[in-house]
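Hi,

Here is the structure I promised to pass on to you. Have a look at it first, and then read on for what turned up.

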Amino acid sequence: MERGENVKESRHLDKILLKNLVLKNVTGVDSWQRLKSQPVIINVWLYTDITAAGNSDHVTSSIHYGHVTKAITQLTEKSTFKSIEELGHAIVHLGCVDFGAERTTVKVEQPKALLHAAAAGVQLSRTKQDYEGLEDKKQVVTTGTVSGLGKEDIVFVKDMRLSTIIGVNPWEREEKQVVVVNLTVYPSEQREGEESNKSYHMRTMVRTLARYIEASDYKTVEAFAVAVARIAIEKCHVNKIRVQLEKPSAILFADASGIEVTRDRAWLNSVLEQEKQSNQVFAHHQVQEGAKEIPVSYTQTAYIALGSNVGDRVKNLYAALDMLETDCSSVVLDTSFLYETPPMYYTEQPAFLNAACKIATCLEPQQLLERLKHVESTLGREASFRNAPRPVDLDILFYNDLVMESETLTIPHIGIQEREFVLWPLCDIAKDMEHPKLYKTCGQLLSQLLKVAAETEEGVAQIDKVVPIQPQQLWKWKSKTYIMGILNTTPDSFSDGGNYVDVDKAVEAAERMKKEGADIIDIGGMSTRPGANDQFPEEEEIRRVVPVIKKLRERGFDLPISIDTFRASVAQAAIDAGANLINDISGGSRDPKMLSVMAKTKVPVCLMHMRGDAKTMMSKDNVSYENDDVVEDVTYQLHSLVQNALAAGVYRWNIIIDPGLGFAKTAKHDIEILRRLGDMVKGSESVLDGFPSLMGPSRKKFIGNLTGVQEADKRSFGTAGAVAASIAGGANILRVHDVRPMWEVTQVCDSIWRSA
């Protein structure tokens, strides 16, 4: 029998209907992530021939719906199911196998499954032929390939109500309105060994879409609906989706106006190709400048854990990340922060460096595992006892929404929930990803683990967020506030211009700052004060800074050196000469080649917020902020710079942020940033939470305005106050001219705030 024949035949059969049967069952978790009994609403259609019962008026000649109801009730209320799909498959199996229906269609809804939606559910159809020939006669789940009905399976979300800006009318741009979203997701191809368990994926997708919807501000429902579909396919990895979007407030005498669109992965691939060829983006997507190119075939997403505790740990991790792209048919999409962690299980070994990354790949799970083992072997890992020291350790944590177990591979990774050294970095890039077997997000798993650990005798493990500031040296962000000494080799800087244009004098100044307590020296060859000339040739800027860096390294100067520039060629020349950090006042935005240099050199980078250039940054437009909220505006613009850097391949652990005091900001703005710095860099709801920050208040104009001290080099006392405020707000690095006095300020402030 051909695949389509049975479907066609079943359409001529009669249907026995069971409508809106309400039962209670433990099916996955409820909207608050609790494994509790919850209501389910079940609809069943049994396709059969009722001719005999119709002719004889004997119920025994048909399928007795009373018996069906009793069987479904017993199955549902006396069993526990991992997911709503598993329950649906069990009922379909009951109809086709136990009651002999030619075809069974089941719709199961959970009205309490999601916080912002009326219900979530599934609809499945199978025929008797789908179960014939199975080796395991008790097998409940089938892919429906015999009948072809498996392709008609759907998972749906009903009436998700959210608030957003949507509309072209002026009043619609002023206030959020309710939108009602209905989603229908069609299945992806099922892999061998994969469990049918997608409810958790739906919950994660809804959470992702809800955040996007509530933050969006589209003018048309057309662009809005297509954007929602695109995110579901591109970010949540669904194969095909139908989005129905309604605006209940749009038409006065109608219940709603809206639109319905259906999109699939083939459409997305076509869109990506069009965007690439036309070098433009559609309204439903925003391409990040300098982002890596991802091959169309790289449609799978995986999360990989990385660790090293033998040899040059940083070098090992960097080599592994490079080989993920060169040897593993993958592109690294995102990286976590970097953590130094104590060994677990076998504790008589050195501390580890741990991280996690997100990749796009075309490899199947087993193929990916084999390539990761190849990387480990190439980088020197040898067979040894379990949990032994190793140059590099790579584990697959998640692969799409897959749940599988074989002799060599278990996905999700079996140890995620018990390992802080896995959960900390994983939460940096996948905090809201739900564990398919534990029904908790990564963030919830970490919170739970920390709570349990705090109650033990050993307490919470000592885990340090670190940055590889230079070869063989890590900075631990929690340990102290770091002092960056300013060394301007310019003739026109605002407070020390012309002092260090001579190479020998510049070198002496760097040595002096080291003795005074500096942790890093920031060398700049261009003044960026308001009104300065920032258009002179790059060769001149290189001539001013590279000889100083070279001479310092020749003399054995062992502090890290930062290069203060927004020009890619200058940054590259300085790194080649011995610099270790790129400090870019434009956040990588002024020179289109800068992000590439940052990613290629793998050095720490500081992304600063500013607008315009030296001549225009203090214009009326550039010092005007939306809703007059400089902190919120700067926060989100910095977040955009961070996302651009990550997309270009800069590692998250190498990124430092700087709000840019005095750059496109009035004195009032500078003070507001200092006052609310904690909200910007430490707030759990901030998009910048977790990123270390640099502050540069030294001798700035706002200090002169507050103190009346007009000569910039005499503003040390005012600078000390701003330095103290910065440390209280959570700053990690202070960029200062007067190193010794500010070092003393940090000693006092660290003892007050960091030791607490």
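**Cysteines and helix packing**

Cys749 is buried, with a relative accessible area of 5%. Please keep in mind that this is a predicted model.

Cys749 belongs to helix α21, which spans residues 739-754. What do the buried residues of α21 pack against? Their partners are two helices, α12 (503-516) and α20 (716-728), together with the strands β20 (482-488) and β27 (733-736). As you will know, residues three or four places apart in an α-helix point the same way, because there are 3.6 residues a turn.

Another cysteine, Cys357, is also buried, at a relative accessible area of 0%. How far is the sulfur of Cys357 from the closest cysteine sulfur? That sulfur sits in Cys328, 9.8 Å away, which is too far for a bond, given that a disulfide needs the two sulfur atoms within 2.5 Å. Searching the whole structure gives 0 disulfides.

On the α14 side, the contact involves Ala568, Ala571, Gln572 and Ile575; α15 brings Met594, Val597, Lys600 and Thr601. By type, the residues of this contact are 5 nonpolar, 2 polar and 1 charged.

Best wishes

Conventions
Residues are numbered from 1 along each chain as its sequence is written. This is a predicted model: local features need pLDDT of at least 70, side-chain atom pairs count only at pLDDT 80 or more; totals for chains, interfaces and linings use all residues. Side-chain values use heavy atoms; hydrogens and water are left out. Buried means under 20% relative accessible area, exposed over 50%, partly exposed in between (1.4 Å probe, protein chains only). Helices (H or I, at least four residues) and strands (E, at least two) are DSSP runs, numbered from the N terminus. Contact means heavy atoms within 4.5 Å. Ala, Val, Leu, Ile, Met, Phe, Trp, Tyr, Cys and Pro count as nonpolar, Asp, Glu, Lys and Arg as charged, and the others, Gly among them, as polar.
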